[in-house]
Amino acid sequence: MTVLLIRIMVGCFAMLPMKVVYVLSDMLYLLFRYIVKYRRKVIQLNLRNSFPKSSEKEIDDLTNRFYRYFSDLILETMKGFSFGEADWQTRFIYKNPEIFDSLYQQKKSAILLGSHYGNWEWGGISFPLAVKHKVIGAYKPIKNRKVETYLNDFRKKRGLHLTNMKFAGRAVIENKNEPVIFVFIADQTPSDVQNAHWLTFLNQDTPFLHGAAKLASKTGYPVFHYKINRMKRGFYEVEFEEICGSPESLSPPDITSLYAKHLERMISQNPPFWLWSHRRWKRKRPNKI
């Protein structure tokens, strides 16, 4: 039933012009903001703790701007499933994809650490169109396997390959003889807090996933991050930044720390585009180790 509903919604959004999509988004914003008050306490608590010097008026303004973008994000994502290659080339612009060219020429792989900032779904779908490397995205499975399969089929339409996060190491071994960019959404909350990397991030004690950093340290694959700039509704620019060119010389916590600094800077420059409704800080450091 859930897959059928998604199919119907995707089919409907495929026929709608973007102007109508954003009219619907304005209505969804009103629903989230004033009627349902979707995770309002979580959003405002996250914002207050992340920006302790901000006034209540500023927090309320950030909350409002988040709701507006979050509504756009949901419907943009739905509309994006029907985009063709020309749509991606005009709506999700990669400013410096050539940063990976020298690695490709040397038949070397790389690791790209992403986040829940901007329209990460659009990024995952369109990224393979911008680079010469094979692109493998590591994802966290959802409970409904039928929905997961349906969504993953869309994600793979433009050349994206996918692997369960648990098997990312196996994917690295299986593709060791060809140049690949392995993409990780690395700002998710780890379930294993005992072995997580704990950092001060946005003024809070924060656990980070450790798998991607361990892979980088073991393989020596250079690590990159991307900076997303939303130009206007439905249009984004992406710029890649190298975090570490020789990760084999660093420990996994050091690599994670570099990533966290890049992410924190991007969020602080334009906060509304990060996923503040996520319960990012629901887990505490065990025994303050």
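## A buried serine

S126 is buried, with a relative accessible area of 2% (buried means under 20%, exposed over 50% and partly exposed in between, with a 1.4 Å probe and protein chains only). This is a predicted model, in which local features need pLDDT of at least 70 and side-chain atom pairs count only at pLDDT 80 or more, while totals for chains, interfaces and linings use all residues. Residues are numbered from 1 along each chain as its sequence is written, and side-chain values use heavy atoms, with hydrogens and water left out.

S126 lies in helix 7, residues 120-130 (helices are DSSP runs of H or I with at least four residues, numbered from the N terminus). Not counting residues up to four places away in sequence, S126 touches W88, F92 and Y94, where contact means heavy atoms within 4.5 Å.

## Two residues with positive phi

Most residues other than glycine have a negative phi. In the loop between helix 2 (18-36) and helix 3 (40-50), K37 has a phi near 55°, a positive value, and K37 is partly exposed, with a relative accessible area of 47%.

R39 is found in the loop between helix 2 and helix 3 as well, and has a positive phi of about 45° although it is not a glycine. At 32% relative accessibility, R39 counts as partly exposed.
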